[in-house]
Every structure is written in structure tokens, then in C-alpha cells.
Amino acid sequence: MSSPSVVVIGAGIAGLCTAVYARRCGYQVEVVEQHDSPGGLATSWRRADYTFETCLHWFTGARPKGALNAQWREVFDIERLRFAYPEEFARVETEHGERLCIYSNVDRLEAELLHQAPEDAAEIRHLIATIRRLSNFPMPDPSEPRPRRGLELLRVARYMPLLRWWSGLSIRDYGERFHNKLLRSFFGSGEGAQPGSEKNPRVKGQPRHFWPVRLMSAPTAAE
Ligand SMILES: Cc1cc2nc3c(=O)[nH]c(=O)nc-3n(C[C@H](O)[C@H](O)[C@H](O)COP(=O)(O)OP(=O)(O)OC[C@H]3O[C@@H](n4cnc5c(N)ncnc54)[C@H](O)[C@@H]3O)c2cc1C
């Protein structure tokens, strides 16, 4: 008897993962994709010496033995990816040459923000204290067996008041808490939360946002 078959519509991350698990469960799988390459939103392309990485700027599960790393290993060969951890994560520039760098190093970020916007010192200190506190956040691992999952939930519980406060604030409203126009622009446009999520077309005089470096790429044939 031939094995049962499934057709997966779409070769984005969800479709490809579905196809991998379906194959493992013994199904014949056909993946149908309307585009000329797989990946869906998680895609990049090369032109000359440059890689244009339009999507994944952070990848939860990159850290070996960290949360979700084991799940990624189930579906693809994560060792083939080369991760980059740039110090400068994003940059805001105005037409007048003003520049705000968003560093991934929290000490450097704090110094940069305070240097750029001393008038927002209280808000900046609040933000930096939150980043430092959440850097120890124990990301729950869905694959943990039940008794340990209970312990994880207890560990997460002490972060709940902090998370509840922040989750009640939209990124745009958050931007308005700053007086400095570069900081307002970075947070208020929504790009502080998600690169590329800006809904309004760029208007003259509005600062440009750069995500200057790729954070993740598959090795090229030459590498
Ligand atoms: C700018 C941007 C930045 C992001 N940054 C991050 C990040 O840093 N970290 C992170 O974890 N996530 C990030 N995301 C989110 C992440 O990319 C998506 O959640 C994820 O790629 C969605 O995968 P998906 O398979 O659900 O959907 P999609 O990627 O949308 O895949 C759907 C696929 O189905 C195909 N399709 C649709 N309809 C049909 C049809 N009728 N016939 C055939 N094919 C069809 C589409 O062409 C597409 O290839 C970002 C997203 C964007 C847009």
C-alpha cells in the first residue's frame, strides 16, 4: 500500500516545517510555492558583494542549548548558518547629519542614548534597567516535560508585573515619552520593535532608519 500524501501550500517557515514533520510521519509530501524561491517572508538576496537581508534580524533559538534551539535542530541543519552579532544593531540618521546608533551592548547603548538625549535621562534609565532585568528572562521551553515546565512558569511569574506594564504600551505611544526627536523617531515609528514595519511612506525631513548589517546568513558557496 502506498503511503498517504499531503500537499503543503506555501514554502515559508511554517510550510517547510510542516513538510519536514509530515515526511517523518511517513507521508509523501508535495510543497507548492507561488514564488520562484522558498522562504516566504524570511528571505534574502544577493547583489554584487551585498546580501540584502530583509527579514530575520533576530533569531530566537540561535544559542546552542538555549530555548527553541533543539526545535530548530529538528527541522534544519542549523550548523550551516553563520550568525553575526553586530555591536551596532540599527542607526537613525537625519538629513542634517544627526545620527543615533542603537547598540546591542547595553552599556554602550546607555552611554549613546544619554549622550544624545540628556533631557530624556529618566526614561532612558528606565529602559536600560528593564533591558538589564529582562536579559535574564528564562524563556519557557515548550519541549520541557510537565514537572519542569511548572518550575519554569514559577520562574517566569516574577517577571509578570514588569511584562504586564510594558505589554500595555504600544511602541508608538512609547516613542512619545521621549523629548529627543531621534529617540522619538526610533521608537515612535514602530521600527524600534520591528524593522520594516513602518506603515507611513517616508516624508521629507523624516529621519531614515538603517539596519546596516545582516545578522544572519546562510554561507555562500565561496565561504
Ligand atoms: C520585515 C520583517 C522582519 C521580520 N523579522 C523577524 C525576526 O527578526 N525574527 C523572527 O523570528 N521573525 C521575524 N519576522 C517574522 C517572520 O519572518 C515570519 O513570522 C515568518 O517568516 C512567517 O512564516 P510563514 O511560513 O508563517 O509565512 P510566510 O513566510 O508568509 O510564508 C507563506 C508562503 O506561502 C506562499 N503562498 C501563499 N499563498 C500561496 C498560494 N496560494 N499558493 C502557493 N504559495 C502560496 C507565499 O509565497 C510564502 O512563500 C519578520 C517579518 C518581516 C516581514
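**Entry 1: the ligand**

I began with a term: a polar contact is a pair of N or O atoms within 3.5 Å, and within protein one atom must be able to donate a hydrogen and the other to accept it, while residues adjacent in sequence count only if both atoms are side-chain atoms. I noted that this is a predicted model, in which local features need pLDDT of at least 70 and side-chain atom pairs count only at pLDDT 80 or more, whereas totals for chains, interfaces and linings use all residues. Residues are numbered from 1 along each chain as its sequence is written, and side-chain values use heavy atoms, with hydrogens and water left out.

At W58, a backbone N or O atom lies 2.8 Å from a nitrogen atom of the ligand. The protein buries 63% of the 1000 Å² that the ligand exposes when taken alone (Shrake-Rupley method, 1.4 Å probe).

**Entry 2: confidence**

I then checked pLDDT, the predictor's confidence in each residue, from 0 to 100. The protein chain has a mean pLDDT of 82, and 84% of its residues reach 70 or more. Over residues 193–205 the pLDDT is below 50, and this stretch has 20 contacts in the model beyond near neighbours in sequence (contact means heavy atoms within 4.5 Å).

**Entry 3: salt bridges**

I searched for salt bridges (a side-chain nitrogen of Lys or Arg within 4 Å of a carboxyl oxygen of Asp or Glu), and the whole structure holds nine. In one of them, E79 and R73 meet through their side chains at 2.8 Å, N to O. E79 counts as exposed because its relative accessibility is 58%, and R73 counts as partly exposed because its value is 39% (buried is under 20% relative accessible area, exposed over 50%, partly exposed in between, with a 1.4 Å probe and protein chains only).
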